[in-house]
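Student: I would like to learn how to read helices and the charged contacts along them. Could we work through an example together?

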Amino acid sequence: RQMCIRDRLRTYRRVTELAPESVLAHRWVGRILLETGRPEAALPVWARVLELRPGDAGAEHFLTLARK
């Protein structure tokens with residue numbers, strides 16, 4: 001299962017490189033980082049989601065989680 005998560009993270013990170021405006025890809029990167037215990041790495045990802053979609057309640061929630 002862990003390898004599958006790493007593969008997904010790699011894939012979504014690649015999507016963010018190819019399509020930097022992809023809110024969905026950034027959201028997945030942020031979620032995976034949080035769920036795998038890397039909140040500090042998730043902080044800039046959720047900040048980027050809020051740049052792309054200001055006021056997004058979900059992104060604000062996950063950014064708050066990442067800061068804890």
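Student: Which side chain meets that of Glu35 in a salt bridge?

Tutor: Keep in mind that this is a predicted model. In general, an α-helix has 3.6 residues a turn, so residues three or four places apart point the same way. Here the side chain of Glu35 meets that of Arg31, with N to O at 2.9 Å, and both residues lie in helix 2, 4 residues apart, about one turn of the helix. Glu35 is exposed, at 57% relative accessible area, whereas Arg31 is partly exposed, at 33%.

Student: How many salt bridges does a search of the whole structure find, and which residue forms one with Arg48?

Tutor: The search finds 6 salt bridges. Arg48 pairs with Glu51, their closest N and O atoms being 3.0 Å apart, and the two lie 3 residues apart in helix 3, about one turn of the helix. Arg48 counts as partly exposed at 22% relative accessibility, while Glu51 counts as exposed at 56%. Salt bridges that share partners join Glu21, Arg48 and Glu51 into one network.

Student: Which residues of helix 3 are buried, and what do they pack against?

Tutor: The buried residues of helix 3 are Ala42, Val45, Trp46, Val49 and Leu50. They cover an arc of only 145° around the axis, which puts them on the same side of helix 3. These buried residues pack against helix 2 (23-35) and helix 4 (57-67), whereas Glu40, Pro44 and Glu51 are exposed on the other side of helix 3.

Note on methods: Residues are numbered from 1 along each chain as its sequence is written. This is a predicted model: local features need pLDDT of at least 70, side-chain atom pairs count only at pLDDT 80 or more; totals for chains, interfaces and linings use all residues. Side-chain values use heavy atoms; hydrogens and water are left out. Buried means under 20% relative accessible area, exposed over 50%, partly exposed in between (1.4 Å probe, protein chains only). The arc is that of the directions from the helix axis to the C-beta atoms. Contact means heavy atoms within 4.5 Å. A salt bridge is a side-chain nitrogen of Lys or Arg within 4 Å of a carboxyl oxygen of Asp or Glu.
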